[in-house]
Each structure stands twice: as structure tokens, then as C-alpha cells.
Amino acid sequence: PRHPDTGILEETLDAIRHHLPHTEIMVTFDGVRDEQADRKADYDEYVRRCLNLFQTRYRNILPLLHDEHQHQTGLMRTALEHIDTDLLLYVEHDTPLTTDPILWEQISRFIESRASDLVRFYHEATLQKAHRHMHHGREHVLYERTSQWSQRPHLASTSFYRRIMADHFTPQAKSFIEDRMHGVVDEAYKIRGRDGLDQYRLHIYTPHEGSIQRSYHTDGRAGGPKFEETMTF
């Protein structure tokens with residue numbers, strides 16, 4: 001609804017650059033869905049402004065543009081074609097990281113050692129009681145084991161992302177990643193217990209001093225519909 005204003009994306013890019021000033025960023029631009037065709041002019045202007053920002057204000061950003069609606073799954077497949085690093089940081093455009101310290105090297109080593117597939121940056125100061133049944137204890141001081149998939153910002157193994165995209169989404173899938181993977185991981189744990197946890201090694205970054213919040217939400221959809229009835233997996 002705020003298009004063509006670019007403020008939400010800029011806030012997120014600035015947050016990433018605060019932590020990772022030189023890392024390449026890929027920004028995926030989806031095509032406009034049929035249900036929102038009346039917003040296309042504003043969206044086209046938004047994209048134009050973003051591309052200008054990438055040339056003038058930001059550096060080392062690769063825009064990946066799509067003419068047709070691909071949804072999050074389709075955009076992720078495109079991004080994976082261009083990623084040549086072992087790890088990726090996934091950040092939705094309206095979920096900036098906070099400026100609090102993050103031990104990037106330690107987290108990277110934790111994933112690279114195969115102790116974890118994915119480490120998520122939490123959006124609250126403490127772990128929420130409502131999700132306690134999906135939390136399974138602290139590991140390696142900095143991490144809480146979880147069977148809860150969330151698309152909040154996370155650092156993950158690129159090979160793990162390639163695996164889940166191949167195993168759980170058809171080539172024609174058009175959906176949010178979380179809307180599929182939340183159920184996949186939860187069922188794996190419920191059915192197979194520890195073996196299910198080990199199939200999807202998910203953790204939350206939980207530094208032991210102070211607040212564990214490392215991300216927040218600027219609500220780009222502004223309460224609008226998710227069009228869940230049109231998603232295909």
C-alpha cells in the first residue's frame with residue numbers, strides 16, 4: 001500500500017549494511033499478481049526508484065526482476081541460481097535486523113560444522129510461552145533448538161535451502177515458504193521425535209545476556225490479505 005515509497009526496503013537494507021557492510025545483497029522483485037493489477041503503476045514506479053537507489057546510495061546489490069507473479073517460492077528459486085556461497089542470510093523486505101551485536105563468525109561456524117542448518121534472529125525480547133512446545137533446549141550457549149519454522153530473518157546453509165526447495169515444493173509452486181515448511185518441520189518432530197529434529201536442524205539465536213531480539217517487523221502488507229486461497233505448493 002505504501003508504494004511507490006521505498007522507505008520500508010531502505011530500512012531493511014540499512015540494517016543489513018550495519019552488520020554486513022560489504023556482503024552482496026540480492027533483492028528479488030516479484031511480478032504483480034492479478035488480484036492487485038490496479039497497483040501496477042505504483043509498483044513499477046517503486047521498482048524504478050529502487051533501481052536508482054542501488055546505483056546511487058547502495059553498492060553491491062543485485063536486483064532480480066520478474067514480469068510475472070512468482071511468489072516467495074519462485075523468487076527463492078531464482079535467487080538460488082545466483083548464490084555461490086555456502087551460507088545465505090534470508091531477510092524479508094519488512095523484517096529488518098536490529099542494531100544489537102550478532103556474533104556472525106560464531107554462527108557461521110556453527111552452521112558450517114553441520115551442527116545446524118538454520119539459525120533464526122528472534123523478533124521478541126524473550127522466547128514466547130505460546131511456542132514453548134516447539135522449543136527443545138539451549139545448545140552451545142548461544143542457541144535454542146526449535147521445531148518451529150519461521151521466515152523471520154535467518155542465516156542458513158545454502159545446500160539446506162536447495163534441499164527443502166526440491167523436497168517440499170513443486171517446480172510450479174507459488175506460496176510463502178513458511179506456509180509449507182512450518183507444517184513439514186512440526187510434523188517431522190511430532191512423528192519422529194529427535195530423528196525429526198535432526199532432519200531439520202533449526203535454532204534460534206539466544207545470546208544469554210539481555211534481550212534476544214535481533215529483528216522486528218515494519219508490516220509492508222499493512223494488514224492486507226495474503227491471498228492464501230491462491231497459493232500452490
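Visitor: Which helix holds Thr-12?
Guide: Before we look, this is a predicted model, where local features need pLDDT of at least 70, side-chain atom pairs count only at pLDDT 80 or more, and totals for chains, interfaces and linings use all residues. Residues are numbered from 1 along each chain as its sequence is written, and side-chain values use heavy atoms, leaving out hydrogens and water. Helices (H or I, at least four residues) and strands (E, at least two) are DSSP runs, numbered from the N terminus. The helix that covers residues 7-19 and holds Thr-12 is H1.

Visitor: Is Thr-12 buried or exposed?
Guide: Buried means under 20% relative accessible area, exposed over 50%, and partly exposed in between (1.4 Å probe, protein chains only). Thr-12 has a relative accessible area of 2%, so Thr-12 is buried.

Visitor: Which residues does Thr-12 touch, not counting residues up to four places away in sequence?
Guide: Touching, or contact, means heavy atoms within 4.5 Å. With that rule, the partners of Thr-12 are Val-91, Glu-92, His-93, Asp-94, Thr-95 and Pro-96.

Visitor: How are H1 and H2 placed relative to each other?
Guide: Axes are lines fitted to C-alpha atoms, for helices over the stretch in contact, and angles run from 0 to 180 degrees between N-to-C directions. The axes of H1 and helix H2 (residues 40-56) come within 11 Å and cross at roughly 30 degrees. Angles under 35 degrees count as roughly parallel, over 145 as roughly antiparallel, 65 to 115 as roughly perpendicular and the rest as oblique. H1 and H2 are therefore roughly parallel.

Visitor: Which residues of H2 meet H1?
Guide: On the H1 side, the contact is made by Leu-9, Glu-10 and Leu-13. Across from them in H2 are Tyr-46, Cys-50, Leu-53 and Phe-54.

Visitor: What is the angle between H3 and H5?
Guide: Helix H3 (residues 71-82) packs with helix H5 (residues 158-168), and their axes are 11 Å apart. The angle makes H3 oblique to H5. Its value is about 135 degrees.

Visitor: Which residues of H5 make the contact with H3?
Guide: H3 brings Thr-73, Met-76, Arg-77 and Leu-80 to this contact. H5 answers with Thr-158, Tyr-161, Arg-162 and Met-165.

Visitor: How far apart in space are Ser-157 and Ser-108?
Guide: Ser-157 lies in strand E7 (residues 154-157) and is buried, with a relative accessible area of 11%. In sequence, Ser-157 and Ser-108 are 49 residues apart. In space, C-alpha to C-alpha, their separation is 9.0 Å.

Visitor: Which residues does a cis peptide bond join?
Guide: Look at the segment before H1, where Pro-4 is found. Omega is about 10 degrees for this bond, and the two residues are His-3 and Pro-4.
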